[in-house]
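Biologist: Hello, and thanks for sitting down with me. Could you walk me through this protein, one contact at a time?

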Amino acid sequence: MAIERTFSIIKPDAVSANKIGRVLALLEAGGLRVVAQKMVRLTAEQAGEFYAVHRERPFYKALCAFMTEGPVVVQVLEGENAVLKNREVMGATDPGKADKGTIRAEVGSNIERNAVHGSDAPDTAKVEISFFFSGAELASLKR
């Protein structure tokens, strides 16, 4: 199986609740490695650009406001089938419907404040990674 990279955000709700370590522990237990990570505070412009795909959706403005209310931790994760694995570890978008032991079930509050974002496909992951990280910031842990 090929090693793949995906993108993840620990959202402001989880950061402000001091749950970064819990999220990292669940990602690592799920077989993912952090190969790049930093804490940033998104501007309204950055949030709007990052979530532009949702611009026409009714939740877009609230999402952008939420994502700029505090710092976030952006990460590049690596592992076998990393995109799918990360989505499994995150759990369902609605924490109330997420399987026990997933990030959203353990850390999320509701469908809007659900602790994490993850890429939905390898092509999306490449775009999202390049939005936050330069090539020089990406470590390789391959042995």
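**Contacts, strands and rings**

Modeller: Let us start with a charged pair: K38 forms a salt bridge with E137, their closest N and O atoms being 3.1 Å apart. A salt bridge here is a side-chain nitrogen of Lys or Arg within 4 Å of a carboxyl oxygen of Asp or Glu. This is a predicted model, in which local features need pLDDT of at least 70 and side-chain atom pairs count only at pLDDT 80 or more, while totals for chains, interfaces and linings use all residues. Residues are numbered from 1 along each chain as its sequence is written, and side-chain values use heavy atoms, with hydrogens and water left out.

Biologist: How many residues apart in sequence are the parts that K38 and E137 tie together?

Modeller: Helices (H or I, at least four residues) and strands (E, at least two) are DSSP runs, numbered from the N terminus. K38 lies in strand β2, and E137 in the segment after α7 (122-132). The pair therefore ties together parts whose separation in sequence is 99 residues.

Biologist: Which ring does K38 lie over?

Modeller: A charge sits over a ring if NZ of Lys or CZ of Arg is within 6 Å of the ring centre and within 35 degrees of the ring normal. K38 is 4.8 Å from the ring centre in question, and the face it lies over belongs to F133.

Biologist: What is the relative accessibility of K38?

Modeller: Buried means under 20% relative accessible area, exposed over 50%, and partly exposed in between (1.4 Å probe, protein chains only). E137 counts as partly exposed, at 36%. K38 also counts as partly exposed, and its relative accessibility is 25%.

Biologist: Where do R113 and E69 lie, and how many residues apart are the parts they tie together?

Modeller: The side chains of R113 and E69 meet in a salt bridge, at 2.7 Å from N to O. R113 lies in the loop between α6 (103-107) and β4 (116-118), and E69 in the loop between α4 (60-67) and β3. The pair therefore ties together parts whose distance in sequence is 44 residues.

Biologist: Which helix holds both K85 and E88?

Modeller: K85 and E88 form a salt bridge, with their closest N and O atoms 3.6 Å apart. The two lie three residues apart, about one turn of the helix, and that helix, residues 82-90, is α5.

Biologist: Is strand β3 mostly covered or mostly uncovered, and how many of its residues are buried?

Modeller: Two strands pair if DSSP finds at least two bridges between them. Eight bridges join β1 to β3, running antiparallel, and seven join strand β2 (residues 33-40) to β3, also antiparallel. Strand β3 (residues 72-80) is mostly covered, and its buried residues number eight of nine.

Biologist: Why is the pair of F7 and F50 called tilted?

Modeller: Rings of Phe, Tyr and Trp (its six-membered ring) pair if their centres lie within 6.5 Å; planes under 30 degrees apart count as stacked, over 60 as edge-to-face and the rest as tilted. The centres of F7 and F50 are 5.8 Å apart, and the pair is tilted because the planes stand at 55°.

Biologist: Which parts of the chain does that pair of F7 and F50 link?

Modeller: F7 is buried at 0% relative accessible area, and F50 is buried at 10%. The two are 43 residues apart, so-called distant parts of the chain. The parts linked are strand β1 (residues 3-10), holding F7, and, holding F50, helix α3 (residues 44-50).
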